[in-house]
Amino acid sequence: MRSALTPIFFLSGIAGLTFETLWFRLAGLSLGNSVWSASLVLAAFMGGLTLGNGLVAKAQARIAKPIRLYALLELAIGVLSFGVVLALPRLSSTFGPVFVAIADAPWLLNSARLASAFVLLVLPTTAMGATLPLLTEALSRSNPNFGANLGKLYGWNTLGAMLGAVGTEAVLVRFVGVASTGLVAMSLNLLAGSLALRLARDEEPAAPTEAPSRRVSSRAYRYLAVGLLSGAIMLALEVVWFRFLLLTYTGTGLAFAVMLAIVLAGIGLGGLAAARLARSVETCHYWLPHAMALSGALVVLTYHGFDLFTLTQLRINATLPMFIAFAAFLMLPVSVLSGVSFTLVGRAVKEELGGSIRTAGVATLWNTVGATAGALIAGFVLLPKLGMERSLFALAATYLLTALLVPATSTAQRRLALSAWATMAAAAVTLVMFPFGLMERSFFKIVERALPDQHLVATREGLTETIRYYRSDLFGKPHSYRLVTNGYSMSATSVGAKRYMKLYVYLPLALHASARDALLISYGVGSTAKALTESAGLQHIDVVDISREILEMSSIVYSDADNPLHDPRVEAHIEDGRFFLSTHSGKYDLITSEPPPPKVAGVVNLYTEEYFHAIREHLTPGGYATYWLPVHHLKPSDTVAIIKAFCDAFEDCTLWDGAGLDWMLMGSNGAGTRVSAESFAAQWRDARVKRELAAVGFEKPEQMGALF
C-alpha cells in the first residue's frame, strides 16, 4: 500500500505546484501584480487549503473508504484546476464593470479581488487540502506508525511540488505555453486519481483501527500552536530570504522558481527524514524542541556563514549555478528542519487526539493558517518596519520561543529534556552573537562595487523591494542620483538617462501640441514625470506605480517646490499598470510608460500585444503612446518580438534612438494630420522647456527629428 500511494502522491505534488504557479502567473494578468493582489490571491489559495483540512477532519467518522475518496478528489482537482487556468484570463472581462465602478475605493477594489480569486480557487484548493489527511488515514489502517506515514507522504508530495515549481517555469511554460502546461498538470492529476481508483477496488470499508478521537487538550493546543508558529516562521523566512537573495541576482521568474524549489526540497527531505526517525523511535516527537531551537540557530549561522561563503566569490551579476549554491546554503538547512518539525508536531498531536484523519487535518490546518499569516506579516510588517537583517533576528528568536512552548517530556526522558535545554541555550548564544550591521558592511557592498564614485544617501525596505538611492557629486555639489531596487540599478538622473526619459514626453508633444491629459506608468526617478509637469499645456497627469515607496522617495531627488508629484495637476495611483487600464475608463492624449525590463518577474505582462492594445484603447483620437525599449537587457529575438507586438497594436509604429541602447517605440491612435514646422518647434518657444530640452541635447527641433 505504501509503495503504491507514495508515487501517486508524488504526481499529485507535481500537478499541485504546477497549477499554483500558473494561477499566480495568470492572476497577475487579471488582478495585477501589485503586492496587494498577490497577497490576496495567496490568501484565497491558502484559505481553500485550510477549508479542505477542516472539512475532512470534521467528517472523519463518515469516511469509510479514504483511498476511493482521495481518488475522486484527485480527478476533481485536475478538472477544476484546469478550469481555473482557462477562467483566470477572462476574469477582467467578466468582472471588469464591477472593478471600474469601485476603482476609486481601494478597500472595495481589494475586497472584490479577494472575492473573485476565492470563488475561482475555493473548490480545487479545498479538494487539495483534504488529500494528505485521507492518505495518512489509508496508510494508518495497514500500518499504525502515524509519524512514519505522515512524514513519508508529506515528504514525497513536497518533493513533487519542488519538481513542479522548477519544471513549470524552466521548461513547460517556456516551450509549450500556459494552456498546454495546464493540460500536463491535469493529466498528472487524472493519472494519480486513476491509479488510486485501481487501488480502491481492494479497499475494505473498515472503521479506523485506533482509539476514537478525543477532545483537544491543553497539551494538544500547545503542540498545534507550535505547528502554527513553525509554519508562520518558515513562510516569513521565505519572504525575507527571497528579498535578501535578490541582492545577488535579478528577480526573474526562473530565480523565484529556483528559490521556491530549494525551500520545497528542504521541507520534503525533512519530512522523509522525520518518517525514518518515526519508524525507529516511537517517541520521536520528543525531539521537537531540539528541531525548533536548532532552526533558530541555523537562521543566524547561515546568514553569517553566507557572508563568509560568498565574500570572495559573489559579484553583482552572479551566474545561475552560483546563485543556486548561495540560495541552497542559506535556505536548505532550516527548510529541512521545517519538514521535520511538521511531522513531529503531527506525531505529537496524534498521541493527544487519536484519529488519523482528524489529526492530519487539524495539524495541517493550523500549519497552513500559520503559513498564510507568516507570509503576510513578513511582507507587510517585518520588512517595512524592521528591514531584512532585524527580521532575520526576530524570526530566529521566535523559533527559540516556540521551542519553549513545546510541552515537557515525561519524567522518564530526563536526559532528552536536558539535551533540549542545552540546544536552546546554544541557540540563545547564537542570538546574542547575531552579526548586526553585516548587511551594510558586506552585502550592500556587492551593489556598490558596480557604482564607483557614488555614495549612499537613502535606503528603505518597502513592501515590494529594497530601495537605495546613490548620489554622484561634481565639484562638491550633487550631480546625479541613481535608484537601485533589490540590488538592481533601475534608473538614474544622469544626462544620458534624462535624455531618453524626457524624450518620451518631448517628442509626442512636438507632434501633438494640443495634448491636455497624460498618463505615466512607472515613475522611476521622476524624469519623465518632470517633463510632463514642465509642459504648461497639460491639464491633468495620472502617475501609476506599483510601489508607494518609490513615489515617496522622490523627495530625495526633488525639493518640495520642484517635485513633479506635488504639481496640482498630478494624481498618483498605487497600482499595477495593466490593472489600472482595465479598471479605469479615462482617455488620454499621451500615454508613456517605462516599466522595468521584461525579464523581471511579472513585468513581461507590460510588454505584450494585449497590453499595447489596452494602451491604444485609452488614447483619444490622434493621441500618442511612447514606450521604453531596453535593448541592452534583451536578446535580439526578444527585441523583435516586442517591436512586432507594438506594431500590431499601432499601425504607424516608429522606433526612435533615445540614448545608447535605451530606445523608444511610438505609435498613435490614428494621428493622420501632418504637423507643421511651427507646431513642432512650439516647445522651444517656452523658455522653461527650452532650457530643459537643451540640457539633454535637444538645442534645436531638427536634433529631435534626427533620432528616427
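Helices (H or I, at least four residues) and strands (E, at least two) are DSSP runs, numbered from the N terminus. Welcome to this predicted model, in which local features need pLDDT of at least 70, side-chain atom pairs count only at pLDDT 80 or more, and totals for chains, interfaces and linings use all residues. Residues are numbered from 1 along each chain as its sequence is written, and side-chain values use heavy atoms, with hydrogens and water left out. Here is a short tour, topic by topic.

**Histidine 512**

- Look for histidine 512 in the loop between helix 15 (495-511) and strand 5 (517-521).
- This histidine 512 is buried (under 20% relative accessible area, with exposed over 50% and partly exposed in between, for a 1.4 Å probe and protein chains only), at a relative accessible area of 15%.
- Not counting residues up to four places away in sequence, histidine 512 touches Asp589, Gly622, Gly623 and Tyr624, where contact means heavy atoms within 4.5 Å.
- From histidine 512 to phenylalanine 680 there are 168 residues in sequence, but 8.2 Å in space, C-alpha to C-alpha.

- Two strands pair if DSSP finds at least two bridges between them.
- Strand 5 runs parallel to strand 6 (residues 540-545), and 5 bridges join the two; here leucine 519 stands opposite aspartate 542.
- Strand 5 also runs parallel to strand 8 (residues 588-593), joined by 4 bridges, and leucine 520 stands opposite threonine 592 there.
- Together, strand 5, helix 16 (residues 527-534) and strand 6 make a right-handed β-α-β unit: with the strands pointing away from the viewer, the path from the first strand over the helix to the second runs clockwise.

**Threonine 533**

- Helix 16 is also the place of threonine 533, which counts as buried at 6% relative accessibility.
- A polar atom of the threonine 533 side chain lies 2.9 Å from the backbone oxygen of lysine 530.
- Leaving aside neighbours within four places in sequence, the contacts of threonine 533 include Ile541, Pro564, Asp567 and Arg688.

**Cysteines**

- The structure holds 1 disulfide, meaning a pair of cysteine sulfur atoms within 2.5 Å.
- Cysteine 647 and cysteine 653 form this link, with their sulfur atoms 2.0 Å apart; at 105° about the S-S bond, the link is right-handed.
- Cysteine 647 is partly exposed at 27%, and cysteine 653 is partly exposed at 23%.
- Cysteine 284 is buried, with a relative accessible area of 1%.

**Aromatic rings**

- Rings of Phe, Tyr and Trp (its six-membered ring) pair if their centres lie within 6.5 Å; planes under 30 degrees apart count as stacked, over 60 as edge-to-face and the rest as tilted.
- By this rule the count comes to 22 aromatic pairs.
- The rings of tyrosine 303 and phenylalanine 434 are stacked, because their centres are 5.6 Å apart and their planes are at 15°.
- Tyrosine 303 lies in helix 10 (residues 288-310) and phenylalanine 434 in the loop between helix 13 (414-432) and helix 14 (438-448), so the pair ties together parts that are 131 residues apart in sequence.
- Tyrosine 303 is buried at 0%, and phenylalanine 434 counts as buried at 5%.
- Phenylalanine 393 and phenylalanine 434 form an edge-to-face pair, 5.3 Å centre to centre with 70° between the planes.
- Ring pairs also link Tyr607, Tyr611, Phe612, Tyr627, Phe646 and Phe650 into a cluster.

Note on methods. A polar contact is a pair of N or O atoms within 3.5 Å; within protein, one must be able to donate a hydrogen and the other to accept it, and residues adjacent in sequence count only if both atoms are side-chain atoms.
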